[in-house]
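Try each task yourself before you read the solution.

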Amino acid sequence: ADLADTAPPRLAEMTDRELTLLGATAPVWEELWETHYMSHRPFVVDSSRIETVFGLTATPLDDVLNAVLRDTGTETRALTTA
């Protein structure tokens with residue numbers, strides 16, 4: 001939202017009950033249970049092995065977001081980091 005100079009999105013957590021009810025209406029919602037752990041406990045990604053084995057490094061998140069916004073034709077503004 002900062003990069004696109006727009007209002008931040010309104011986010012809300014879906015309850016287990018809501019997810020279960022949605023799962024009864026469309027299979028895609030039922031599949032979210034497989035990734036439930038990613039939003040209900042700390043989730044850490046470690047890229048050290050792929051960096052060591054393949055020499056790959058992650059692209060900075062702001063670079064990725066700028067590219068996505070540019071591809072959609074959305075004007076971006078520069079962010080300053082402390």
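**Exercise 1.** Is Thr 57 buried or exposed, and why?

*Solution.* Before starting, note that this is a predicted model, in which local features need pLDDT of at least 70 and side-chain atom pairs count only at pLDDT 80 or more, while totals for chains, interfaces and linings use all residues. Residues are numbered from 1 along each chain as its sequence is written, and side-chain values use heavy atoms, with hydrogens and water left out.

Step 1: recall the classes, where buried means under 20% relative accessible area, exposed means over 50%, and partly exposed lies in between (1.4 Å probe, protein chains only).
Step 2: Thr 57 has a relative accessible area of 65%, so it is exposed.
Step 3: Helices here are DSSP runs (H or I, at least four residues), numbered from the N terminus.

**Exercise 2.** Classify Val 28 and Val 64 by accessibility.

*Solution.* Step 1: find Val 28 in helix α2 (residues 27-31). Because its relative accessible area is 58%, Val 28 is exposed.
Step 1: find Val 64 in helix α5. Its relative accessibility is 36%, so Val 64 counts as partly exposed.
Step 2: The C-alpha atoms of Val 28 and Leu 3 are 30 Å apart, at a sequence separation of 25 residues. For Val 64 and Ser 47, the separation is 17 residues in sequence and 17 Å in space, C-alpha to C-alpha.

**Exercise 3.** Which residues line the largest pocket?

*Solution.* Step 1: know the term. A pocket is an open set of points on a 1 Å grid over the protein atoms alone, where a 1.4 Å probe fits, with protein on both sides within 12 Å along at least five of seven lines; lining residues have an atom within 4 Å of a point.
Step 1: list the lining: Glu 13, Met 14, Thr 15, Asp 16, Leu 19, Leu 32, Thr 35, His 36, Ser 39 and His 40.
Step 2: the elements giving two or more residues to this lining are α1 (16-23) and α3 (37-40).
Step 3: the volume of the largest pocket is about 170 Å³, counted as the space filled by probe spheres set on the points.
Step 4: take two of the lining residues, Glu 13 and Ser 39. Their C-alpha atoms are separated by 9.3 Å, although they are 26 residues apart along the chain. Ser 39 belongs to helix α3, and it counts as exposed because its relative accessibility is 54%.

**Exercise 4.** Where is Asp 5 found, and what is its phi angle?

*Solution.* Step 1: Asp 5 is in the segment before α1.
Step 1: its phi is positive, about 55 degrees, although Asp 5 is not a glycine.
Step 2: with 56% relative accessibility, Asp 5 counts as exposed, because that value is over 50%.
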